There are 4 protein chains.
Amino acid sequence: MPLARRLRYGMVGGGPGAFIGAVHRRAVALDGLAELVAGAFSANPEKGQAQGRELRLDAGRVYASFEEMADREAALPEGERIDFVSIVTPTHLHYPTARAFVERGFHVVCDKPVTTTVEDAEALVRLADRHDVVFAVTHNYSGYPLVKHARALVADGTLGRVIKVIVEYAQDWLATPLDAAGHKQAEWRADPARSGGSLAVGDIGSHAEHLARYVTGLELERLCADLTTFVPGRQLEDDANMLLHYRGGARGILYCSQVSSGEENNLRLRVYGTDASLDWRQEEPNVLYLRRQNRPAEVLKRGNAYLAPAAQHATRLPPGHPEAFFEAFANVYGNALRTIAARVAGEKPDPLDLDFPTVADGARGVHFVQTAVRSGRERGWVDAAYEPPTPSRG
Amino acid sequence: MPLARRLRYGMVGGGPGAFIGAVHRRAVALDGLAELVAGAFSANPEKGQAQGRELRLDAGRVYASFEEMADREAALPEGERIDFVSIVTPTHLHYPTARAFVERGFHVVCDKPVTTTVEDAEALVRLADRHDVVFAVTHNYSGYPLVKHARALVADGTLGRVIKVIVEYAQDWLATPLDAAGHKQAEWRADPARSGGSLAVGDIGSHAEHLARYVTGLELERLCADLTTFVPGRQLEDDANMLLHYRGGARGILYCSQVSSGEENNLRLRVYGTDASLDWRQEEPNVLYLRRQNRPAEVLKRGNAYLAPAAQHATRLPPGHPEAFFEAFANVYGNALRTIAARVAGEKPDPLDLDFPTVADGARGVHFVQTAVRSGRERGWVDAAYEPPTPSRG
Amino acid sequence: MPLARRLRYGMVGGGPGAFIGAVHRRAVALDGLAELVAGAFSANPEKGQAQGRELRLDAGRVYASFEEMADREAALPEGERIDFVSIVTPTHLHYPTARAFVERGFHVVCDKPVTTTVEDAEALVRLADRHDVVFAVTHNYSGYPLVKHARALVADGTLGRVIKVIVEYAQDWLATPLDAAGHKQAEWRADPARSGGSLAVGDIGSHAEHLARYVTGLELERLCADLTTFVPGRQLEDDANMLLHYRGGARGILYCSQVSSGEENNLRLRVYGTDASLDWRQEEPNVLYLRRQNRPAEVLKRGNAYLAPAAQHATRLPPGHPEAFFEAFANVYGNALRTIAARVAGEKPDPLDLDFPTVADGARGVHFVQTAVRSGRERGWVDAAYEPPTPSRG
Amino acid sequence: MPLARRLRYGMVGGGPGAFIGAVHRRAVALDGLAELVAGAFSANPEKGQAQGRELRLDAGRVYASFEEMADREAALPEGERIDFVSIVTPTHLHYPTARAFVERGFHVVCDKPVTTTVEDAEALVRLADRHDVVFAVTHNYSGYPLVKHARALVADGTLGRVIKVIVEYAQDWLATPLDAAGHKQAEWRADPARSGGSLAVGDIGSHAEHLARYVTGLELERLCADLTTFVPGRQLEDDANMLLHYRGGARGILYCSQVSSGEENNLRLRVYGTDASLDWRQEEPNVLYLRRQNRPAEVLKRGNAYLAPAAQHATRLPPGHPEAFFEAFANVYGNALRTIAARVAGEKPDPLDLDFPTVADGARGVHFVQTAVRSGRERGWVDAAYEPPTPSRG
């Protein structure tokens with residue numbers, strides 16, 4: 001169903017050379033649900049304006065800071081001001097930026113980890129609730145159609161009771177000291193102050209944890225983490241291995257590494273139940289393996305009518321015409337934006353559209369990161385149970 | 001390099017329920033190089049207007065026919081009228097539509113096969129030349145970065161002399177008589193009058209032939225085709241197997257089928273040279289296999305710095321973050337649109353941007369389809385050599 | 001069921017440095033159904049004796065020629081002489097060797113192609129019938145358990161009506177002129193006199209044809225072959241592409257090549273039916289893909305209880321413990337030897353044991369090779385229907 | 001190089017219905033280096049004799065117990081008695097059996113884990129040293145050629161410094177309570193008394209640990225294990241996840257599970273170095289992936305001349321003709337038996353033949369199993385460093 005009108009949005013961060021800002025913009029553009037009309041792209045005003053020109057924005061809506069943007073957009077007439085903001089800055093700026101916009105009643109789409117501390121994340125959960133805004137967090141890997149189908153397979157009992165989860169996320173882009181060599185994206189991620197005290201776990205382990213939670217619905221109970229810094233001079237871990245205990249008895253392994261030579265973006269999830277298991281890899285996202293005891297394995301492929309409604313809802317092309325990273329990212333945006341549009345129009349959102357990660361998911365992610373860091377420091381099992389603040393309304 | 005301004009375009013075809021129109025629009029939207037401002041979406045005026053509303057077009061630029069659109073857009077002031085038209089109708093309408101726009105000086109992006117007859121295709125080649133317009137044809141599979149790298153590997157001699165080409169394209173969506181059951185896209189494709197006298201070869205064999213030619217640079221000399229109609233009641237072939245002779249001595253096999261149970265969109269190209277071979281599959285487009293004699297095979301992956309400039313030029317995301325069908329489609333558009341923008345701006349296009357299929361490629365494709373049909377009818381080897389009209393200027 | 005006693009066998013060919021002789025011996029040894037007790041390993045008596053010593057044979061049973069071996073073994077008492085002979089010589093020697101042993105009442109296991117001419121093959125079919133001996137031909141790829149299951153899937157209608165067969169067999173070991181450089185195995189294969197007038201088709205195309213026939217049960221009706229010699233100086237084709245028509249309307253493609261850079265022993269069979277298709281590759285022989293329309297593909301794996309009896313009969317290890325080339329070869333031997341043992345014991349063979357290629361299959365193979373050569377020479381479609389002589393008894 | 005004579009061996013265990021006994025016998029038969037001449041196959045004398053008859057042994061050399069066999073074989077003349085014994089009993093019988101034969105000067109090939117306690121294993125190390133016998137342990141997965149090549153790649157520095165090891169071994173055959181249902185092989189493995197106090201870790205984790213150690217050469221320093229019993233009623237763990245610290249700073253994850261639905265025998269090893277990584281899977285054993293930073297991944301295949309001498313030494317077939325489980329098992333035997341033959345002949349063994357797991361490796365394996373069990377019980381990191389007794393001579 002097409003929206004009544006295209007939404008308007010602004011972006012904070014995503015200036016020249018930033019990687020993730022352009023990803024967010026393309027993800028929005030793909031489906032045409034929203035139009036970028038404002039931005040505070042850079043702490044450097046010249047760079048900000050250059051980015052605005054490249055994006056063909058009205059110079060008057062390219063702001064020097066997120067504070068200015070929040071204030072001035074809020075002052076615009078309703079039919080003109082942005083409907084939501086996309087926050088794509090380094091992590092330490094998420095909290096003040098998001099707060100500024102939420103407090104002015106703007107909906108928010110924010111990159112992950114949502115904040116650097118659990119306290120900040122919880123504050124945002126409560127604020128979003130109080131101001132009744134949609135607050136989506138771009139755990140984009142949950143946007144893949146076959147991830148949604150995996151979740152449906154767990155939910156409908158195809159796997160039996162889930163007893164084991166293996167989730168891994170390996171990269172090698174930080175196998176050399178890029179961060180010490182001035183590589184912008186590496187630099188802030190490796191900086192304790194800006195990243196929130198974790199490199200690999202915060203940057204990619206948080207995606208892995210969200211993916212496992214999204215698919216299985218399981219809650220962590222305890223974990224034992226082994227964090228290592230392999231590249232000399234680095235202050236934060238670039239590799240982490242963890243044992244997991246889930247509530248209800250399931251066991252798990254999570255590992256993430258940014259120094260695994262030859263790995264590009266190898267996020268993989270395996271879930272084992274008492275009857276069957278599933279296996280999905282981000283680098284080959286259009287297939288999902290379902291393996292049952294004493295039966296042939298099944299290869300499920302995106303785009304087919306046999307997939308769950310949530311998976312079909314997240315699909316644009318017929319089988320065999322692969323969709324990939326941008327489309328998954330666009331699925332997170334699609335559901336969030338249709339939900340925002342329903343709010344804007346005063347309508348009830350389609351239940352299928354409510355399937356996107358929220359600030360409460362973000363809070364769980366931050367708690368996970370902090371817990372892993374603590375376990376690593378303490379060298380042993382620690383309590384990992386967590387429940388974010390309960391919103392006052394659905 | 002960003003364009004000086006976003007181009008404006010119109011679309012002919014692509015009304016409600018059409019598959020490929022939405023693909024073209026998303027491919028354009030992804031990179032934001034052009035904006036849709038006009039359309040003649042349907043022979044049914046109500047459907048056309050409905051589509052225009054969904055796309056938020058000015059109702060005055062939603063036209064009842066391509067003739068009206070060509071005339072009225074040509075009459076608009078230069079800063080307002082479309083820069084190019086996208087033609088996404090059934091095949092038999094490509095020729096009159098394209099002619100109308102080319103003759104009025106509009107650039108064209110047209111779906112394939114470019115026409116139903118070689119004569120029409122050649123007429124368009126000459127017209128595009130005379131009117132000095134860019135005329136791109138969406139052989140979209142050549143837009144994949146690793147296909148471009150494959151081409152570079154052949155060109156730089158990594159394979160040695162190419163001696164064998166195996167290109168296959170198998171689907172199963174026409175394994176049942178959808179066309180007789182009123183399925184819109186199946187119906188016109190299976191209709192000799194609208195498709196140009198070939199079903200499987202025209203619809204997908206033409207992609208296979210273009211892919212092989214694009215990568216190897218080889219010209220066909222002779223072919224022997226075996227065309228079969230497996231689904232009762234169908235007038236055109238739904239399966240075709242061919243032996244190929246290329247100029248210079250290389251041999252080949254091309255097959256395409258739309259009745260191959262369990263196949264989705266399985267386009268695969270293998271090229272064997274005297275030193276090495278390459279292997280690429282559309283359904284797993286982010287990897288390319290390079291196999292040399294007595295050496296480990298190599299798995300090349302999209303996004304890496306070791307790939308050829310044309311492949312890197314066609315890439316938006318780092319390694320391991322897969323790109324897929326839309327992005328490949330957008331690569332055909334991207335190069336064509338940057339070339340159009342250069343023309344509009346009176347500048348010389350970047351050589352990397354000239355890498356897109358043109359109307360002359362389209363003419364070769366139509367000749368191939370007709371030759372295959374003739375060979376199938378005559379049950380034997382036929383001459384397949386062809387050279388489209390030479391443009392008067394580069 | 002263990003045999004009442006271990007059979008005794010002799011080998012013709014398979015001297016020092018020969019590849020296939022050792023394969024046959026290991027295939028027999030694996031299951032211990034027979035013991036090598038005699039041999040005529042080489043035309044060179046010293047080499048023959050050396051081989052005999054290495055194999056710990058009684059020097060008195062290492063013969064200078066197959067004629068001598070046939071005569072002298074026939075003269076031994078029943079409890080001592082060989083039960084069967086394995087013939088592993090170059091092709092041109094198969095016929096005289098096999099005839100000598102069959103005429104003396106010995107059972108035979110012979111490498112393929114069974115002879116160099118159809119006439120010779122037919123003569124052996126009649127002789128084997130007249131002398132009532134078992135005559136197995138080592139089309140070893142039909143020995144793989146999942147090939148047997150594939151055959152069962154076709155037979156039980158899982159695929160619907162078979163409409164298309166794609167069988168390919170690519171290697172690169174003859175991509176350089178090994179044959180001209182004195183490589184023993186290459187040399188005789190490339191010699192028209194010794195190989196029977198075909199290189200690639202005889203050596204590996206015959207395996208491909210048998211595999212397709214074994215699995216589908218389809219009979220060839222017509223074919224159109226394109227044979228090429230890519231390596232200069234070679235007299236026979238090293239690459240062949242063919243279009244196939246099967247009785248009943250199925251179509252096919254068969255290709256084989258020994259000059260395909262980077263290919264090792266890539267035999268692959270795909271069979272498409274009106275309901276489903278199957279896909280098997282010799283280099284990954286423990287998996288078989290079954291793909292149905294609009295359903296997840298299935299990955300069948302060797303060793304599972306869900307496989308057909310013929311497949312389970314050909315299995316020694318549980319799932320996940322891969323079996324491979326030797327085991328498949330041993331399966332051809334296993335069935336043939338158990339059938340021979342039943343004959344020797346005057347018992348009726350187990351029907352599952354009758355599943356091995358016979359001299360009649362060998363005759364079909366030779367006819368196929370000769371037909372392909374003729375089509376290649378005549379450059380067009382030729383009649384390929386063939387029925388070997390009917391044995392007088394089952 | 002062929003042996004001067006075929007060795008003679010006896011087997012303890014491996015009676016009717018036993019799985020692993022037949023595997024050992026086939027592994028020996030494949031290469032014909034030894035001949036089975038004696039056995040104590042079963043505690044049940046009738047079953048033992050039945051097995052002896054099936055194997056065509058002299059009834060006088062089918063013994064009622066290992067003690068009888070050791071005594072009576074030792075009493076035979078040198079040219080008649082066995083050269084070595086294969087021990088394929090449940091684990092708790094390995095120690096007394098092995099001791100009986102070692103003390104009488106027989107060479108030994110023993111299944112794994114070599115004993116149920118570290119003390120017993122160390123006793124065997126010392127005994128084997130004192131009696132100067134070859135004592136091989138069938139960690140058969142180290143027999144795969146590409147595992148040997150992986151080891152060579154680590155040794156020659158291709159990977160740089162190894163920093164991370166991921167080794168996993170998943171099965172599902174114990175996902176149901178087979179052990180409680182009288183399944184013979186499951187029963188003793190799940191019995192603390194017979195298995196040595198560990199199910200999954202002892203049965204398959206020990207293979208995983210050996211594989212990782214064999215390839216990397218790294219020694220464990222500490223580990224943290226999480227052992228779980230998922231199937232109700234079972235006394236021992238059927239699933240285990242571990243974090244590993246290696247001497248020198250490398251980190252690792254090892255997990256094994258026999259309740260992972262849909263997994264057959266999925267042993268996989270990944271080793272990451274500072275420059276490159278490697279990846280091998282037992283179920284697809286003929287390929288090894290080598291991935292370097294910023295370079296195409298390489299797919300190494302068995303049988304090629306580019307592989308290390310140890311890998312080529314363990315190969316019987318050319319590339320593309322897959323070898324598998326039996327052949328790997330035969331490689332352990334092959335090297336051990338050639339080493340035994342050299343000892344028997346009073347010659348120095350070929351260094352390539354010394355590449356097989358010994359009783360000292362077995363002791364390390366038992367120590368690992370016990371350490372994992374202890375860590376699981378103590379729920380935390382424990383010291384895992386271990387050095388078996390040093391033999392008095394090489």
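**Entry 1: C:Arg379**

I began in the loop between helix H12 (359-378) and strand E14 (381-383) of chain C, where I found C:Arg379. This is a predicted model, and I kept that in mind throughout. I looked up the backbone angle of C:Arg379: phi is positive, about 55 degrees, although the residue is not a glycine. I noted the general rule beside it: most residues other than glycine have a negative phi. Is C:Arg379 buried or exposed? Its relative accessible area is 52%, and exposed means over 50%, so C:Arg379 is exposed.

**Entry 2: C:Asp132**

I then turned to C:Asp132, in the loop between H5 and strand E5 (135-137) of chain C. Its phi is near 55 degrees, again a positive value in a residue other than glycine. The relative accessible area of C:Asp132 is 40%, so I wrote it down as partly exposed.

**Entry 3: H4 and H5 of chain C**

I stayed in chain C and looked at helix H4 (residues 94-103) and helix H5 (residues 118-130). Their axes are 10 Å apart and pack at an angle of about 10 degrees. Angles under 35 degrees count as roughly parallel, so H4(C) and H5(C) fall in that group. Which residues of H4(C) and H5(C) make the contact? From H4(C) I listed C:Tyr95, C:Ala98, C:Arg99, C:Val102 and C:Glu103. From H5(C) I listed C:Asp120, C:Ala123, C:Leu124, C:Leu127 and C:Ala128. I sorted the residues of this contact into 7 nonpolar, no polar and 3 charged.

A cis peptide bond joins A:Lys112 to A:Pro113, with omega about -10 degrees. In chain B, B:Pro113 lies in the loop between E4 and H5. B:Lys112 and B:Pro113 are also joined by a cis peptide bond, with omega about -15 degrees.

B:Thr116 sits in the loop between E4 (107-110) and H5 (118-130) of chain B. At 18% relative accessibility, B:Thr116 counts as buried, because the limit is under 20%. Leaving out residues up to four places away in sequence, B:Thr116 touches B:Thr91, B:His92, B:Arg194, B:Ser195, B:Gly196, B:Val366 and B:Gln370.

Which residues does D:Val114 touch, not counting residues up to four places away in sequence? Among them are D:His94, D:Tyr95, D:Leu124, D:Phe135 and D:Val359. I also checked D:Arg6: it is 108 residues from D:Val114 in sequence, and the two C-alpha atoms are 26 Å apart.

**Entry 4: Chain A**

I counted 12 helices and 14 strands in chain A. The C-alpha atoms fill a box of roughly 65 × 50 × 40 Å along the principal axes. A compact globule of 394 residues would have a radius of gyration near 21 Å, and chain A agrees, with 20 Å. Buried residues make up 65% of the 394 residues.

Definitions and conventions. Residues are numbered from 1 along each chain as its sequence is written. Chains are lettered from A and ligands numbered from 1 in the order in which they are written. This is a predicted model: local features need pLDDT of at least 70, side-chain atom pairs count only at pLDDT 80 or more; totals for chains, interfaces and linings use all residues. Side-chain values use heavy atoms; hydrogens and water are left out. Helices (H or I, at least four residues) and strands (E, at least two) are DSSP runs, numbered from the N terminus. The radius of gyration is taken over C-alpha atoms; the globule rule is 2.2 Å times the number of residues to the power 0.38. Buried means under 20% relative accessible area, exposed over 50%, partly exposed in between (1.4 Å probe, protein chains only). Axes are lines fitted to C-alpha atoms, for helices over the stretch in contact, and angles run from 0 to 180 degrees between N-to-C directions. Angles under 35 degrees count as roughly parallel, over 145 as roughly antiparallel, 65 to 115 as roughly perpendicular and the rest as oblique. Contact means heavy atoms within 4.5 Å. Ala, Val, Leu, Ile, Met, Phe, Trp, Tyr, Cys and Pro count as nonpolar, Asp, Glu, Lys and Arg as charged, and the others, Gly among them, as polar.
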